[in-house]
Amino acid sequence: MYDFATDLADRLSALPRVDYADLPATRAALRAAVAHHRPYQPSRPVEVGDRLVPGPPGAPPVAVRVYRPDADRPQPALIYLHWGGFVTGDLETVHQTCLRLADRIDAVVVNVGYRLAPEHPFPAGLEDCYAALEWLAKEGAGLGVDTGRIAVGGESAGGGLAAALALAVRDRGGPALRLQCLLFPALDDRLETVSARAFTDTPMWDRHNAQVSWRYYLGDAAGGDAVDPLAAPARADDLGGLPPAYVLACEYDPLRDEALTYAHRLIQAGVKSRIGYHPGTFHACIALGDTATAQQILTEQESWLRDGLHSRPAPHPRPGGVPGGKA
């Protein structure tokens, strides 16, 4: 039915199939899958350490894991937010990913263990991410971070949180972000796009799981008229003044169209953006990291982050205006 890339199609049986309606089983199955991820071997020493950082007002501390590649000068930093449909995942979920990124993009990476729905619905997880960013901007120099070069990125729900974090920083006047890297992001609770309606049985993510995930995150408000754009960034009216973006969309993914639409809207708002679109792919296919298709995606991500974090910053123009000015 789906024309998957051959190297991905040959490995479909290795992927977990879960029903998010049974959340305990889903959490257990995905923890088991993560435990079998192939360890990444960095090309140089990377110091890894866990710590608790101040949480949002009235909330508990936020667990983070910091990855510091060996360096003799201040490095840029990347806050990286894990996948899991807003309801599953922890510091182990993207541990190998963060180790790889720290090594290959020459940056300090901060892996955030944000609170999960339904126990902690929106905005708890986002506020944890914002608190981690504030901590990094304040204390990063002590970790060898050039705090003028901080990016945010994430996958799936983490990509949606990364987009929301960029919006929150702009609207609240928070710590400046250099880049936003959004891989197959969850951006729109309405699920009204062609891809969201069509892909009901695709690997790794489908319409049913997307619907369940948003209900866990937003409760009865999901799909209604009163959803905060910081919960579902596709609902934001204004995307001007955001940091440059890389947005990855996969062909056979319910989230494909919302990612592409968001990327186009960023471009129309004057945000320097790059779109990664890969035919024959499906949601989170980078889990099959030893395939040529996944390697192509990962190399593209690494190259964009490395170039953006180690080059002179680009201005964030608003549509019709001069960089940093008003239209």
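In what order do the eight strands of the open sheet lie? I read the order as β1-β2-β4-β3-β5-β6-β7-β8, and the pairing is mixed. Strands of a sheet pair through backbone hydrogen bonds, either parallel or antiparallel. At the edges I found β1 (46-53) and β8 (273-282); each has a single partner strand, so one side of each has no neighbour in the sheet. From one strand to the next the twist averages 20°.

**Confidence**

I noted that this is a predicted model. The protein chain has a mean pLDDT of 95, and 95% of its residues reach 70 or more. I marked residues 317-327 as an exception, with pLDDT below 50; this stretch has 20 contacts in the model beyond near neighbours in sequence. Where pLDDT is low, the predicted coordinates should not be read in detail.

**From β1 to β4**

I began with β1 and β2, which pair in the antiparallel sense over eight bridges. Asp 50 stands opposite Arg 65 in β2. On to the next pair: β2 and β4 (residues 108-113) are also antiparallel, with five bridges, and there Val 66 stands opposite Val 110 in β4. How many of the eight residues of β2 are buried? I found six, so β2 (residues 62-69) is largely enclosed by the rest of the structure.

**β6, β7 and the helices on the sheet**

I then looked up β6 (residues 179-183) and β7 (residues 245-252), which run parallel and are joined by four bridges. Cys 181 stands opposite Tyr 246 in β7. Helix α8 (residues 256-268) lies across β6, β7 and β8, at about 150° to β7. Helix α9 (residues 292-310) packs on the sheet too, touching β3 (75-81), β5 (145-155), β6, β7 and β8. I noted an angle of about 170° between the directions of α9 and β6.

**Cores**

The largest nonpolar core has 71 residues, and those touching the most other members are Val 64, Leu 81, Val 112, Tyr 217 and Tyr 262. Helix α5 (residues 157-172) gives the largest share, 10 residues. I followed Leu 81 and, leaving aside neighbours within four places in sequence, listed its contacts; among them are Val 112, Tyr 114, Cys 129, Val 152 and Leu 161. A second, separate core has 38 residues, including Ala 107, Leu 288, Trp 304 and Leu 309.

**Helix α4**

I checked the length of α4 (residues 124-139). At 1.5 Å a residue its 16 residues should span 22 Å, and the end C-alpha atoms are 22 Å apart, which agrees. Buried residues of α4 include Leu 126, Cys 129, Tyr 130, Leu 133 and Trp 135.

Most residues other than glycine have a negative phi, and most peptide bonds are trans. I looked for exceptions. A cis peptide bond joins Ala 117 and Pro 118, with omega about 0°. Another cis bond joins Phe 122 and Pro 123, with omega about 10°. I placed Pro 118 in the loop between β4 and α4, and Pro 123 lies in the loop between β4 and α4 as well.

Phe 86 has a positive phi of about 70° and sits in the loop between β3 and α3 (95-105).

Terms used
Residues are numbered from 1 along each chain as its sequence is written. This is a predicted model: local features need pLDDT of at least 70, side-chain atom pairs count only at pLDDT 80 or more; totals for chains, interfaces and linings use all residues. Side-chain values use heavy atoms; hydrogens and water are left out. pLDDT is the predictor's confidence in each residue, from 0 to 100. Contact means heavy atoms within 4.5 Å. Two strands pair if DSSP finds at least two bridges between them. Helices (H or I, at least four residues) and strands (E, at least two) are DSSP runs, numbered from the N terminus. Axes are lines fitted to C-alpha atoms, for helices over the stretch in contact, and angles run from 0 to 180 degrees between N-to-C directions. A nonpolar core is a set of buried Ala, Val, Leu, Ile, Met, Phe, Trp, Tyr and Cys residues joined through side-chain atoms within 4.5 Å. Buried means under 20% relative accessible area, exposed over 50%, partly exposed in between (1.4 Å probe, protein chains only). The expected span of a helix is 1.5 Å times one less than its number of residues.
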